Amino acid sequence: MRQIHVIDSHTGGEPTRVVVAGGPDLGAGPLRERLERFRAEHDRFRSAVVNEPRGSDAMVGALLCEPNEPGCAAGVIFFNNVGYLGMCGHGTIGLVATLAYMGRMEAGVRRIDTPVGVVTVEYHGAGVTTIGNVASYRLAKGAAVNVPGIGIVTGDIAWGGNWFFMVEGSPVALTLANLEGLTSYTWRIRQALTANGITGAGGAEIDHIELFGPPSSKEVADSRNFVLCPGKAYDRSPCGTGTSAKLACLYADGKLKEGEAWRQESIVGSVFEGRVAVRDGQVMPYVRGEAFVNADAKLMLDELDPFCWGIR
Ligand code: PYC
């Protein structure tokens, strides 16, 4: 029976399952090439780790790898219920808490290799980390999409390590009680973007939809969001890459200055604090959040189990 050592955590309510041993051998080389090998040759492993009956639609997996880029403390490939993520902010904060739990991370700044580039992490102790994400930017302001049954929806298309369509002013109040309505609204936007060929740079699929509304209170945050992830699950955290994309848009609009704090609240009430620095004309987002380790376990993969590779 195959055994996989995983350590689970949550960042602002959003789960991360780090595979620390027993994962597929993806060889060496750039993380983006190893991600493609993972997808092509070991995709059922992804499903076994994050899908039911061992996981859930909300679970994000993180395969801990040897880094390729010099000076990195670790490499990581993120995956979810339907595929792979270039970067994952809440997952990186969860990864750092996991490395600290394993005795592999002390307070200070480290570099982490990901398929979309090197990110930095500053570990503050007690599960709190600030990630220095990849350069983020807005590709299009006020892009319009005709959503069947809804009409024209206008939003910004932005990169924060994943592609986002970001809508200001949700027509449905951003509360958990409206989860079905929010999921249906954002899913229909996502389908309309695909149907109309509206993409990120280089034809990349926009697979995250983010709605913004007022925070629960001005003392708590500057804004509240709802983020629909690629596999139709919603992000319980404020979404690190989504917050990065938002920061890039705010900066581009002159609504956020370099170094100024922006507190993004999630649909479950957890908060990330973000800032930007500008380097060589690029917007570099910094996002701070907190993660808790909540399981250190062995997954068992028994080929006699009809759902050994997850319910897909
Ligand atoms: O925190 O970047 C993030 C993220 C992406 C998908 C789920 N969480």
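Guide: Strands here are DSSP runs of at least two residues in state E, and helices are runs of at least four in state H or I, both numbered from the N terminus. The model is a predicted one.

Visitor: Where is the place of Ser266?
Guide: Ser266 is buried, because its relative accessible area is 0%, under the limit of 20%. Leaving out residues up to four places away in sequence, Ser266 touches Arg224, Asn225, Arg236, Ser237 and Pro238. As for the secondary structure, Ser266 has its place in the loop between β14 and β15 (271–279).

Visitor: How many helices and how many strands does the chain have?
Guide: The C-alpha trace of the chain spans about 50 × 45 × 35 Å along its principal axes. Within that chain, the count comes to five helices and 16 strands.

Visitor: What is the radius of gyration of the chain?
Guide: For 312 residues the globule rule gives 20 Å, and the value for this chain is close to that, so the chain is as compact as a globular protein of that length. The radius of gyration itself is 19 Å.

Visitor: Of the 312 residues of the chain, what percentage count as buried?
Guide: The chain exposes about 12700 Å², of which carbon and sulfur atoms supply 50%. Among contacts between residues at least 6 apart in sequence, 63% join residues at least 24 apart. For the residues themselves, the share that counts as buried is 54%.

Visitor: How many salt bridges does the count come to?
Guide: Side chains of opposite charge can pair when their charged atoms come close. The rule applied here asks for a side-chain nitrogen of Lys or Arg within 4 Å of a carboxyl oxygen of Asp or Glu. By this rule the count of salt bridges comes to twelve.

Visitor: How many residues apart in sequence are the parts that the pair of Glu303 and Arg44 ties together?
Guide: The side chains of Glu303 and Arg44 meet in a salt bridge at 3.8 Å, N to O. Glu303 lies in the segment after β16 (282–301) and Arg44 in helix α2, so the pair ties together parts whose separation in sequence is 259 residues.

Visitor: Is Glu303 buried or exposed?
Guide: The limit for an exposed residue is over 50% relative accessible area. Arg44, at 41% relative accessibility, counts as partly exposed. Because the relative accessibility of Glu303 is 55%, Glu303 counts as exposed.

Visitor: In which strand does Arg263 lie?
Guide: Asp222 forms a salt bridge with Arg263, the closest N and O atoms being 3.5 Å apart. Asp222 lies in the loop between β12 (208–213) and β13 (223–228), and the pair ties together parts that are 41 residues apart in sequence, with Arg263 in strand β14.

Visitor: Which residues do salt bridges that share partners join into one network?
Guide: Asp222 counts as partly exposed at 25% relative accessibility, and Arg263 is partly exposed with a relative accessible area of 21%. Salt bridges that share partners also join residues into one network, made of Arg138, Lys141, Asp156 and Asp253.

Visitor: Which cysteine has the sulfur nearest to that of Cys72?
Guide: A search of the whole structure finds zero disulfides. A disulfide would need two cysteine sulfur atoms within 2.5 Å, whereas the nearest cysteine sulfur to Cys72 is 12 Å away and belongs to Cys65.

Visitor: Which residues make the nonpolar surface patch of about 240 Å²?
Guide: One of its residues, Val293, has its place in strand β16. Val293 is partly exposed, with a relative accessible area of 31%. The patch is made by Tyr101, Met102 and Val293.

Visitor: How far apart in space are Arg288 and Leu139, C-alpha to C-alpha?
Guide: Arg288 has its place in strand β16 and is partly exposed, with a relative accessible area of 37%. Neighbours within four places in sequence aside, its contacts are His124, Val128, Thr129, Thr130, Val271, Phe272 and Glu273. Arg288 and Leu139 are 149 residues apart in sequence, and their C-alpha separation in space is 24 Å.

Conventions:
Residues numbered from 1 in each chain as written. Predicted model: local features only at pLDDT ≥ 70, side-chain atom pairs only at ≥ 80, totals over all residues. Heavy atoms only, no water. Buried < 20%, exposed > 50% of the residue type's maximum accessible area, 1.4 Å probe, protein only. Contact = heavy atoms within 4.5 Å. Patch = residues over 30% accessible without salt bridge, like charges linked within 9 Å, V, L, I, M, F, W, Y side chains within 5 Å. Areas by Shrake-Rupley, 256 points an atom, 1.4 Å probe, with all protein chains shown as cover. Rg over C-alpha atoms; globule rule 2.2 N^0.38 Å.
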